[in-house]
Amino acid sequence: MPMVDLDGLDPNRIPRHVACVMDGNGRWATKQGLPRTEGHRAGEEALFDAACGALELGIPYFTVYAFSTENWRRPHEEVRFLLNVIADQLLTRRRDELHRMGVRIRFMGRRDWRVPRWVVRRMDEAAALTAANRAMTLTVAFNYGGRAELVDAVRAIVESGVAARRIDERTIRQHLYAPELPDPDLVIRTSGEFRISNFLLWELAYSELVFTDVLWPDFRREHLFEAVREFQARDRRYGNTPGVRDDGIP
Ligand code: IPE
Ligand code: IPE
Ligand code: MG
């Protein structure tokens, strides 16, 4: 594995959890006169390189937004291609490579009737194969929506029969898709869009946000390092006065 140029990066302040909104595949392809689907294919390469970079930096949790609950609105052909890229390239071709690198692969999102059974099977296989890995946890948000996650949490809480006055923030957290996942310290969105698009609505309450113009297929580990550098220059206050604490929400 190549040595990381940690120049300017504080090894003691590496974010514990970095999440990425991988956006701009379609525009990347259109700019080159290619069909949008080629952007999705190229985006898979970017994801793999970014994951390698996260591993090099020693980021324990790396999460990527691969397909949103709203992405079903896209033309059928594009949706089908996206499912294929995720299931064929990421979960079959890359799976073993990620496994060898000690990466645990997990998924968060709804498993409703729209997700083909063969895709669910591939997700389960990848998760089972890599379950014991500890070098890094790669969480793929697939058929994920922040609002859907909160709806599902509320349903589960009501079904559990807990008394209303006993519900607090911890109760809600415990009913999210991945309760053990720490909140993201850093969220990166590519392609020059300044929005969240229904990603991790509960979890990113105090995340640092970094926006970059780079289109996702051009994203490489160096861009990740740059975002971490920007993260390290921020002063996280969690509502407190400046410079007092840097250790999370009380
Ligand atoms: C991100 O790229 C991939 C997904 C949302 C699944 P887009 O396909 O959104 O690309 P743009 O934003 O149209 O360029
Ligand atoms: C967000 O990108 C979803 C993913 C990256 C999977 P979109 O391209 O779907 O978001 P909008 O439509 O620009 O808000
Ligand atoms: Mg987009």
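Biologist: How many bridges join strand β1 to strand β2?

Modeller: In this predicted model, strand β1, which covers residues 17–21, is joined to strand β2, residues 61–68, by five bridges, and the two strands run parallel. To pick out one of these pairings, His-17 has Tyr-61 as its bridge partner in β2.

Biologist: And what order do the strands of the sheet come in?

Modeller: The sheet is an open one made of six strands, and their order is β3-β4-β2-β1-β5-β6, with parallel pairing. Strands β3 (103–108) and β6 (208–211) stand at the edges with a single partner strand each, so one side of each has no neighbour in the sheet. If direction is ignored, neighbouring strands of this sheet are turned against each other by 20° on average.

Biologist: What angle does α8 make with α2?

Modeller: Helix α2 (residues 36–57) and helix α8 (residues 221–232) pack at an angle of about 50°, and their axes are 8 Å apart. The two helices are therefore oblique to each other, and α2 passes α8 in a right-handed crossing. On the α8 side, the contact is made by Arg-221, Leu-224, Phe-225 and Val-228, while the α2 residues include Asp-49, Ala-50 and Leu-57. Sorted by class, this contact of α2 with α8 has seven nonpolar, one polar and three charged residues.

Biologist: And how far apart are the axes of α2 and α3?

Modeller: The axes of α2 and α3 are 10 Å apart, and these helices pack at an angle of about 25°, which makes α2 roughly parallel to α3. The crossing of α2 and α3 is right-handed as well. Residues of α2 that include His-40, Glu-44 and Leu-47 meet residues of α3, among them Phe-81, Leu-82 and Val-85. The contact of α2 with α3 divides into five nonpolar, three polar and five charged residues.

Biologist: Changing topic, is Val-64 buried or exposed?

Modeller: Val-64, which has its place in strand β2, has a relative accessible area of 0%, so this residue is buried. Setting aside neighbours within four places in sequence, Val-64 is in contact with Cys-20, Met-22, Leu-47, Leu-138, Thr-139, Val-140, Ala-141 and Phe-199.

Biologist: What about Arg-73, buried or exposed?

Modeller: Arg-73 lies in the loop between β2 and α3 (76–93), and with a relative accessibility of 72% this arginine counts as exposed. Arg-73 and Asp-49 are 24 residues apart in sequence, and in space they are 29 Å apart, C-alpha to C-alpha.

Terms used: Residues numbered from 1 in each chain as written. Chains lettered and ligands numbered in written order. Predicted model: local features only at pLDDT ≥ 70, side-chain atom pairs only at ≥ 80, totals over all residues. Heavy atoms only, no water. Axes fitted to C-alpha atoms, helices over the stretch in contact; angles between N-to-C directions. Helix = DSSP H or I, 4+ residues; strand = E, 2+ residues; numbered from the N terminus. Parallel < 35°, antiparallel > 145°, perpendicular 65-115°, else oblique. Left-handed = near helix turned anticlockwise from the far one by under 90°. Contact = heavy atoms within 4.5 Å. Nonpolar A, V, L, I, M, F, W, Y, C, P; charged D, E, K, R; others polar. Pairing = 2+ DSSP bridges. Buried < 20%, exposed > 50% of the residue type's maximum accessible area, 1.4 Å probe, protein only.
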